[in-house]
Every structure is written in structure tokens, then in C-alpha cells.
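Here is a friendly briefing to read with the structure open beside you. Take your time and find each residue as it comes up.

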Amino acid sequence: MPRLTQRLLASGDHKVTVISRDPSKIADLQGAIVAKGSFEDAATLKAAFEGADTLFWLTPPNYRPDFEAWAQDAATLAASAAKAAGIDRVVVLSSVGAQHAEGNGPVDALHRVEGVFTRAGFSSVGIMRPANFMENLFFSADTIKNASAVFGPTPGDIKVPWVATRDIGARAAQIIEDTSWSGVKHFGVHGPADVSWDEVVAHLSHVLGRQIAYVQVGLEDVRAGMLEAGMPEFVADMFVELYDGGLKGTMAAAEPRDASTTTPTTVQTFIDDTFVDAVR
């Protein structure tokens, strides 16, 4: 997460090592130590973890038919390498819904990843469970532009927490820098308020000066749309299960909203300063 790395580096109190197969992709992270290689390679992990006291672990969306097993194996390798390096604090980026073992598509893999780190014997394991990313709006950019509509399976009036990734990075930095907690601790990251699709399209209509509709569609229609867009069938099936979990309530946040889970960027602000140019 670039924002997390930049914030930690800006404080001047941390050395940050980033693992990357292609260092040119993170050239803007001035001051970071780059460990060139794959997080699936034990030697790369050993070199990257040497001298570190904290591990931040993010499971890439490397969707494949064995995604759950692959994510668990990658986390197991990282946990083992971290223990061998003497790292005793870990912060894991997970998701709302990961409190459930199954039924939430790709989030099921994060449930497994959580389990790997919480069972590994670290003195401090922070599990971050952010809500729906505001950046997911970009998946609807084409239909907003060309059809003046957002299509989705969720009823338009249902409110759920939305969070900007910039705020996830900032919260991750706070959790890493706060040494007052220990044991296994779950951190909800819920944005400033629960928001419905009806509210999102109302603001889009306002800033674009034209009516944007939210159209609820069935899960089979969602699946057909993903396949038509070229998504592999197994990936479409995972996301249909994710959306079904949202409808059934298994993607609801386990952590209650309070001051510690609330982050500042509103959906309206995100639309105004980040998203609207993509659909104007």
C-alpha cells in the first residue's frame, strides 16, 4: 500500500522494506528499501524480514482456481519466515466478512489468512477488516458514462459502510505505530458513515448534472455481465458468492462502528476529488 509506506517513511521514525518483483513499479516510494523478488519465495522473505520488528501483510488479489489454498500457503510461508527473523508484531489487511469461514467468495481466503497469523504465536496480531472500498466505484465507470446507470445486486436503499483506501493506509500506519496493544486485536475500518447506492447515485447526478440511476439486477445477470466482460468463470463464481453474502448479511462488519473504526473521507468527497473525472 503506497500510502501506508509513504506515511511511515514521512515520519522519519521507520525503515520500510517493500517486496516487489518489479522495483520500477514502486520507484515513487522514495526512501523505501526494495527487496526484489516474490513473497512466495522463502529466500526473498528471509532477506526482506532481516532486522524488521513488524510485518504488514496484504494478500494480493491473485485470483486463481485454488485461490483460498494459495493465499493460505503464502501466509503460512510468511508467518514462518517472520518468526524465524524474530518479528513479533504483525498487521494483516483482511476484510469485513472474514469472520466467516465460507460463503463470501474471495473473502473466504482472508478468513484462512487471518487464521494462519493468529495461530502462529506472535505476541501482537492486528487484523484490519475494512469495508467496501470506495474505489470499487471505478468498476461502474463505463455504465455511468454510457448508460447513466449503476447496476448491482444490492437493494438501492440498503446502507453499508464504505471506506477510501487512502484512509485504510492511514489507519494501518496508526495501528503499526501504536505499541499499546498486544494479543490478537481486530480493527474495523468503516469510513465516516453507512451509505446506500441510492445516496451514491444522487450525488453523482448532482455533480454530473444528469440523472444517474441505480438498477438492481439478479445475481445471474451479474454473473452473465462478468462473463461477457471476459472474466474467467471461476472468478465470476467467486464474486457472485461474495455478492450473495452481501445479500444474506454474512458480509456485514463484525466490529461495531465507533470512533476507532470511523475514518474521515466521505463518499461524496471521494466522488468529487477522485472519481468524477472518470465519468464526466
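Which residues are exposed on the other side of α2? They are Ala 43, Lys 46 and Ala 47, where exposed means over 50% relative accessible area, buried under 20% and partly exposed in between, with a 1.4 Å probe and protein chains only. This is a predicted model, in which local features need pLDDT of at least 70, side-chain atom pairs count only at pLDDT 80 or more, and totals for chains, interfaces and linings use all residues. Residues are numbered from 1 along each chain as its sequence is written, and side-chain values use heavy atoms, with hydrogens and water left out.

**The whole protein**

- The protein has 10 helices and 11 strands; these are DSSP runs numbered from the N terminus, with helices being H or I of at least four residues and strands E of at least two.
- The radius of gyration is 19 Å, close to the 19 Å that the globule rule gives for 280 residues, so the protein is as compact as a globular protein of that length. This radius is taken over C-alpha atoms, and the rule is 2.2 Å times the number of residues to the power 0.38.
- Along the principal axes, the C-alpha atoms fill a box of roughly 55 × 40 × 40 Å.
- Of the 280 residues, 44% count as buried.
- Among contacts with a separation of 6 or more, 76% come from residues 24 or more positions apart; a contact means heavy atoms within 4.5 Å.

**Helix α2**

- Thr 44, Leu 45, Ala 48 and Phe 49 are buried in helix α2 (residues 42-49). They cover an arc of only 120 degrees around the axis, which puts them on the same side of α2; the arc is that of the directions from the helix axis to the C-beta atoms.
- The cover over these buried residues includes β1 (17-20), β2 (33-36), β3 (54-58) and α3.
- Just after α2, Gly 51 has a positive phi of about 85 degrees.

**Helix α1**

- In helix α1 (residues 2-11), the buried residues are Leu 4, Thr 5, Leu 8 and Leu 9. Their arc around the axis is only 125 degrees, which puts them on the same side of α1.
- The buried residues of α1 pack against β1, β3 and α6 (165-177).

**Aromatic rings**

- A search of the whole structure finds 13 aromatic pairs. Rings of Phe, Tyr and Trp (its six-membered ring) pair if their centres lie within 6.5 Å; planes under 30 degrees apart count as stacked, over 60 as edge-to-face and the rest as tilted.
- Phe 67 and Trp 70 are a stacked pair, 6.0 Å centre to centre with 25 degrees between the planes. Both lie in helix α3 (residues 67-85), 3 residues apart, about one turn of the helix, and both are buried.
- Phe 138 and Phe 270 have ring centres 6.3 Å apart and planes at 85 degrees, so this pair is edge-to-face. The pair links distant parts of the chain, 132 residues apart: Phe 138 is in the loop between β6 (132-133) and α5 (141-147), and Phe 270 is in helix α10 (residues 267-275).
- Phe 138 is partly exposed, with a relative accessible area of 37%, whereas Phe 270 is buried, at 0%.
- One aromatic cluster includes Phe 39, Trp 57, Tyr 63, Phe 67 and Trp 70.
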